[in-house]
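Let's take a friendly walk through a protein model. Have the chain in view, and keep an eye on its rings, its core and its helices as we go.

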Amino acid sequence: MPPATYTETPTLREGRIIKHLAESREYWLKAPDYLVEGDLCQAGEKAWGAAAQMIKAVASHRGWRHFRHNDVLVAGREIADESEDPGTLRDAIEIVRSMHVNFYEVDLDRVAVERGLVRAEMLLQTLWPLLPERYTGGLTFGEWLAAEN
């Protein structure tokens, strides 16, 4: 089932996309620090948050609903299904989602969280170019992360 549409003014949409990208970047930059500290719950949750916020940015740009957890999953799956490798992207979404579940269940070990971070980064790098240059500044995902904001 395709994502439900959501109508908002261009100004609201613009602000929402910018906010989602800022949060995605902030969460992603924190994830490795938590991993180094051994806080697997927070490392995984930050990876999930970064991916969810990036999916929300793309969904908002496309005029899709993205306010509930399920909306994010539906949007992510639609994006995956439009890609050249839907299975890999769907798998990445599910693995990153498992790290969100781990925040509550605390059952993933370090190896699983490290693998999840690798998948999260691949997902973020795949989502990034789906946004127009006015949001990305023409930067690669890596350049955007390294930029001083």
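Phe141 and Trp144 are both buried, where buried means under 20% relative accessible area, exposed means over 50% and partly exposed lies in between (1.4 Å probe, protein chains only). The two residues sit in helix 7, three residues apart, or about one turn of the helix. Helices here (H or I, at least four residues) are DSSP runs numbered from the N terminus, as are strands (E, at least two). An α-helix has 3.6 residues a turn, so residues three or four places apart point the same way.

The model holds five aromatic pairs. Rings of Phe, Tyr and Trp (its six-membered ring) pair if their centres lie within 6.5 Å; planes under 30 degrees apart count as stacked, over 60 as edge-to-face and the rest as tilted. One of the pairs is Trp128 with Trp144, which is stacked, at 4.4 Å centre to centre and 25° between the planes. This pair links distant parts of the chain, since Trp128 is in the loop between helix 5 and helix 6 (133–136) and Trp144 is in helix 7, 16 residues apart. Phe141 and Trp144 make a tilted pair, with 5.9 Å between centres and 45° between the planes. Trp128 counts as buried because its relative accessibility is 3%.

## How to read this model

This is a predicted model, in which local features need pLDDT of at least 70 and side-chain atom pairs count only at pLDDT 80 or more, while totals for chains, interfaces and linings use all residues. Residues are numbered from 1 along each chain as its sequence is written, and side-chain values use heavy atoms, with hydrogens and water left out.

## The nonpolar core

Which residues have the most contacts inside the largest nonpolar core? They are Leu21, Trp28, Met54, Leu117 and Phe141, in a core of 40 residues. Helix 1 (10–37), helix 2 (40–62), helix 3 (69–82), helix 4 (86–105), helix 5 (110–127) and helix 7 (141–146) each supply at least two residues of this core, and helix 2 gives the most, with twelve. A nonpolar core is a set of buried Ala, Val, Leu, Ile, Met, Phe, Trp, Tyr and Cys residues joined through side-chain atoms within 4.5 Å.

Take Met54 as an example. Leaving aside neighbours within four places in sequence, Met54 is in contact (heavy atoms within 4.5 Å) with Leu21, Ser24, Leu124, Leu127, Trp128, Leu131, Phe141 and Trp144.

In helix 4, Leu89, Ala92, Ile93, Val96, Met99, His100 and Asn102 are buried. They cover an arc of only 165° around the axis (taken from the directions from the axis to the C-beta atoms), which puts them on the same side of helix 4. On the other side, Tyr104 and Glu105 are exposed.
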